[in-house]
Amino acid sequence: MADKSRMLMRRRERKDKEAAEMTKDVKEAKNEGQKTENNGEVPLPEVPLQAATSGAVAHGQNGDFQVEPMELPPFEIIAGDRIDPFVFKFQFKNVEYSSGRNKTFLCYLVDKGNTSDGLLRGYLEDEHTGSHAEEAFFTQCLPHYDPDLKYTVTWYVSSSPCSACAEKIAEVLKARKNVKLSIFAARLFEWEEAEIQAGLRALHAAGCKLRIMKPLDFSYTWDTFVENEEQPLNLWEDCKENYEYYHEKLADILQ
């Protein structure tokens, strides 16, 4: 009982702290005149409903990869090269309670092996009311999948996938054996929910490498995906502590 009380007290303290930090972040944004809506991002055209994937996959008679359609409401996925620095600091902050952070930011690296394309790099941003960045990655960033290539894909995401996305990604990885995916997450999304935990275990079983972002990973993502004007990232005070918290939770889920 004492351990449970301490855990609840710790959660209340974290929630109060995050509320204060959110207020501070908003004030800083106003003072600096930051505009997070027009930061050089390029909206992608809407994808027809028949092209939106549910992640349910199968091989056709000719061995080609096929994706079953899924009806989705109209949505817009934002794609770009580099993220606004204030947006990154807010969305990727590895707090325990993510109130106000209602988007997923997915920074990606894709290595196709010995091809002329080189290393593909960029990011996707979604609204949770429509298609999620994780499934949009496969339709927008890898629309021309080649079964003869070897894909090494790395994601740095602001939060781990929801249960639906985890299931879809797992199905894609099972069907596309030549795609190796590593996911580094700043936070665990609703990790206490049983269906979320089941989704993460399904991803792990499908061969996806799941990791929590270390302080060094935040600095790397800042240098690689953020319009930082060559300024280093000043990590927040409890970054390492929060990493250790989420790392322990993920290990418990996947064991």
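The structure is a predicted model, in which local features require a pLDDT of at least 70 and side-chain atom pairs count only at pLDDT 80 or more, whereas totals for chains, interfaces and linings use all residues. Residues are numbered from 1 along each chain as its sequence is written, and side-chain values use heavy atoms, with hydrogens and water left out.

The protein chain has seven helices and nine strands, taken as DSSP runs numbered from the N terminus (helices being H or I of at least four residues, strands being E of at least two). Of its 255 residues, 47% count as buried, where buried denotes under 20% relative accessible area, exposed over 50% and partly exposed the range in between (1.4 Å probe, protein chains only). The accessible surface of the protein chain comes to about 14,100 Å², with 49% belonging to carbon and sulfur atoms; accessible areas come from the Shrake-Rupley method with a 1.4 Å probe, and for residues only the protein chains shown count as cover. Among contacts (heavy atoms within 4.5 Å) in the protein chain with a separation of 6 or more, 76% are accounted for by residues 24 or more positions apart.

The structure holds 14 aromatic pairs, one of which, between Y145 and Y151, is stacked, at 5.7 Å centre to centre and with 25° between the planes. Rings of Phe, Tyr and Trp (its six-membered ring) pair if their centres lie within 6.5 Å, and planes under 30 degrees apart count as stacked, over 60 as edge-to-face and the rest as tilted. Both Y145 and Y151 are buried, and the charged end of R176 sits over the ring of Y145, 4.2 Å from its centre (the criterion being NZ of Lys or CZ of Arg within 6 Å of the ring centre and within 35 degrees of the ring normal). Y108, F137, F138 and W155 form one aromatic cluster.

The structure holds zero disulfides, defined as pairs of cysteine sulfur atoms within 2.5 Å. For C162, the closest cysteine sulfur is that of C165, at 3.7 Å, which is too far for a bond. C162 is buried, with a relative accessible area of 15%, and C107 is likewise buried, with a value of 0%.

Strand β7 (residues 151-157) is joined to β8 by seven bridges, and the two run parallel; strands pair if DSSP finds at least two bridges between them. Within this pairing, T154 stands opposite S182 in β8. Strand β8 (residues 179-185) is mostly covered, six of its seven residues being buried.

P85 has its place in helix α2 (residues 85-91). Although P85 and V226 are 141 residues apart in sequence, their C-alpha atoms are 5.9 Å apart in space. With neighbours within four places in sequence left aside, P85 is in contact with W222, V226 and E227.

Most residues other than glycine have a negative phi. By contrast, E190, although not a glycine, has a positive phi of about 45°; E190 is found in the loop between β8 and α5 (194-205) and is partly exposed, with a relative accessible area of 46%. A positive phi, near 55°, also occurs at E229, which has its place in the loop between α6 (215-225) and α7 (239-254). E229 is exposed, with a relative accessible area of 65%.
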